[in-house]
Amino acid sequence: MPFWRKFLRTLHAGNGKSAGNSRTEQSPPEAKGMASSRSLAVRLAWLKEELKDCSDIIYREFVISTGQRCALIYVRGMIAQDTAQHYIVRSLQRESAQLKDRNIYQFLFEDEGLTVSQTSVIHDLNQGINAVMDAGALLLIDGDARMLTFSISSYPTRAIEETPNESVIRGPREAFIEDLEKNLTLLRRRIKHKNFKTQAVTTGRYTQTDIVLAYVEGLCKPELVKEVQRRLSYLKMDGVMSSSYVEECIEDNPYSPFPQVQYTERPDVVSAALLEGRIAILVNGSPMVLMAPVTFPMLLQSAEDYYQRYVAANWIRWIRYFFVLVSLLLPSLYIAITTFHPEMIPAQLLIAVASSREIVPFPALLEAFAMELAFEALREASIRIPKSIGQAVSIIGALIIGTAAVQAGIASAAMVIIVSLTGIASFIIPHFDLGLAFRLLRFPIMILASLFGLYGIACGMILIYIHLVNLRSFGVPYMSSIAPLVTEDLGDTLLRVPWWRMYKRPVQIAEQETRQKNNARGWEKEKSELE
């Protein structure tokens with residue numbers, strides 16, 4: 001054979017060897033051979049080679065009274081080691097002494113001799129590795145190719161605490177945490193019905209993140225469940241660290257500034273959404289649960305609206321709608337009126353505004369931009385710095401910067417008031433991402449106001465409305481109950497009617513419309529008949 005051919009063959013073999021060192025999704029040929037091996041030493045050697053340089057993996061080898069060698073493999077700190085020692089190792093050693101002539105394999109695999117729950121039998125070592133990495137324990141027995149996996153996970157998790165971002169006065173105080181099983185338990189405690197269904201999906205090549213779809217069968221439309229499953233099936237990435245990863249991959253229009261999937265950290269909000277016929281997406285490791293579909297009016301509703309009496313809830317909701325417009329349009333209206341339409345301002349107010357802007361060297365647009373960017377910087381700084389000094393820095397910084405800007409003649413006092421009111425109004429929006437969308441849209445509307453006055457503002461609002469009307473969330477119109485007009489759903493849009501008048505669920509979302517019978521206050525009729 002020529003030398004150059006030998007050299008190319010050697011080079012090709014070397015490249016293939018180096019490529020085989022990386023982990024792939026498919027089982028390597030030697031792993032398939034290990035699946036049928038009964039030798040404990042051979043399988044342990046293969047596992048140690050696959051899991052080399054992992055100092056936190058424990059290989060607990062022991063011998064039972066029948067003389068057979070066993071090995072328990074787990075990750076230190078991720079399982080309950082007391083349970084592994086007493087209920088697995090000690091149980092095997094104790095029960096094996098009483099077996100005598102019985103078959104230990106039948107005792108373990110068929111008679112379920114071990115008292116540990118959530119035990120499964122596997123035959124593939126790669127499945128065993130996945131079980132170990134998923135906070136489980138893997139039991140190997142010499143002389144049998146079958147293996148046992150135990151779900152005895154025990155790792156530190158955050159306790160269930162009060163919601164930090166969605167606080168209420170009268171409602172529940174529990175919040176989701178990063179543990180998926182506990183989050184599902186919080187929902188099971190509220191929806192105690194056999195039709196409450198959960199479907200598990202695992203995604204992420206390296207993270208192997210568990211995702212659960214929760215819905216109420218009979219209320220949630222089957223096509224919605226299939227559509228969510230279809231979109232999740234395309235989620236193929238190295239890791240899913242939070243529910244925001246899933247949100248960006250499954251929303252209808254990823255280029256829109258408006259959120260098309262709602263998220264919350266409150267179990268009661270998710271339970272109410274499930275009873276409306278929506279679907280919830282829980283991601284392991286994230287305290288935020290996604291809900292779909294969602295409409296624009298839903299993002300302007302707060303959990304407090306349903307725990308207060310409906311008269312007070314309606315008043316608070318109207319205030320919220322008003323300040324949503326304030327957060328979007330107030331700086332633009334100031335720029336448009338002072339630049340193009342000063343005749344709309346009363347004479348005394350116009351003189352006061354003109355005198356305050358007399359020493360300001362910048363046009364109204366640059367002045368508003370500078371103040372808005374300074375307010376955004378203070379808002380971001382208050383989030384990033386430690387909480388113990390965050391509020392003090394934000395308040396003192398705003399006062400100092402505003403006062404200094406007015407005294408230096410960089411900004412007018414009227415502009416400081418306008419920007420402050422706009423910032424306060426943006427905090428009233430219940431959903432953070434919706435408030436962020438309005439904060440982003442505020443700047444192009446300010447530019448239109450500086451160019452065309454009130455006509456520019458009107459054109460900007462028309463474009464935003466056209467975008468909202470054409471937006472969809474899993475096939476449901478984003479402005480549903482307003483455009484298209486659904487009179488049955490108006491009782492929970494601009495108004496919140498009493499609970500005993502909410503007869504139906506959202507028409508375009510729920511499979512079953514009826515929420516309650518018309519005799520929710522039937523005791524009044526009974527009382528009148530008795531009288």
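## Spans listed in the record

The unreviewed UniProt entry lists residues 279-300, 321-340, 390-410, 416-438 and 445-468 under "transmembrane region"; positions follow the numbering used here, feature names are shortened, and such annotations may be inferred rather than shown by experiment. The structure you are looking at is a predicted model, where local features need pLDDT of at least 70, side-chain atom pairs count only at pLDDT 80 or more, and totals for chains, interfaces and linings use all residues. Residues are numbered from 1 along each chain as its sequence is written, and side-chain values use heavy atoms, with hydrogens and water left out.

Two of the listed spans are worth a look. Residues 279-300 are 18% helix and 41% strand, with their end C-alpha atoms 19 Å apart. Residues 416-438 are 78% helix and 0% strand, and there the end C-alpha atoms lie 19 Å apart. Helices (H or I, at least four residues) and strands (E, at least two) are DSSP runs, numbered from the N terminus.

## The sheet from β1 to β5

Let's start with an open sheet of five strands, arranged in the order β1-β2-β4-β5-β3 with antiparallel pairing. Two strands count as paired if DSSP finds at least two bridges between them. β1 (57-63) and β3 stand at the edges with a single partner strand each, so one side of each is left without a neighbour in the sheet. From one strand to the next, the twist averages 20 degrees; axes are lines fitted to C-alpha atoms, for helices over the stretch in contact, and angles run from 0 to 180 degrees between N-to-C directions. Helix α6 (residues 125-133) packs on this sheet, touching β1, β2, β3, β4 and β5, and its direction makes about 50 degrees with that of β2. Contact here means heavy atoms within 4.5 Å.

Now for the pairings. β1 and strand β2 (residues 69-75) run antiparallel and are joined by seven bridges, with Y59 opposite I73 in β2. A charge sits over a ring if NZ of Lys or CZ of Arg is within 6 Å of the ring centre and within 35 degrees of the ring normal.

## Around strand β5

Strand β5 (residues 147-150) has M147 and T149 pointing one way and L148 and F150 the other way, and all are buried. Buried means under 20% relative accessible area, exposed over 50%, and partly exposed in between, using a 1.4 Å probe and protein chains only. Strand β3 (residues 119-122) pairs with β5 in the antiparallel sense over four bridges, and T119 has F150 as its bridge partner.

Strand β4 (residues 137-141) also pairs with β5 in the antiparallel sense over four bridges, and L140 stands opposite M147. The hairpin of β4 and β5 has five residues between the strands, and G143 takes a positive phi near 95 degrees in it.

## The sheet from β6 to β10

Another open sheet has five strands in the order β6-β7-β9-β10-β8, with antiparallel pairing. Its edge strands are β6 (196-203) and β8 (262-264), each pairing on one side only, and the twist averages 25 degrees from one strand to the next.

β6 and strand β7 (residues 209-216) pair in the antiparallel sense over eight bridges, with T203 opposite T209 in β7. Helix α10 (residues 267-275) lies across β6, β7, β8, β9 (279-283) and β10 (289-292), running at about 25 degrees to β10.

## Aromatic rings

A search of the whole structure finds eight aromatic pairs. Rings of Phe, Tyr and Trp (its six-membered ring) pair if their centres lie within 6.5 Å; planes under 30 degrees apart count as stacked, over 60 as edge-to-face and the rest as tilted. One of the pairs is F296 with F438, edge-to-face at 6.3 Å centre to centre and 85 degrees between the planes. F296 lies in helix α11 (residues 296-299) and F438 in helix α17 (residues 432-452), so the pair ties together parts that are 142 residues apart in sequence.

F296 is buried, with a relative accessible area of 12%, and F438 counts as buried at 5%. F258, F296, F438 and Y478 form one aromatic cluster. Elsewhere, R379 lies over the face of F427, 4.8 Å from the ring centre.

## A buried glutamate

E372 is found in helix α14 (residues 364-384). This glutamate, E372, is buried, with a relative accessible area of 1%. Leaving aside residues up to four places away in sequence, E372 touches P331, V419, T422, R442, F443 and M446.
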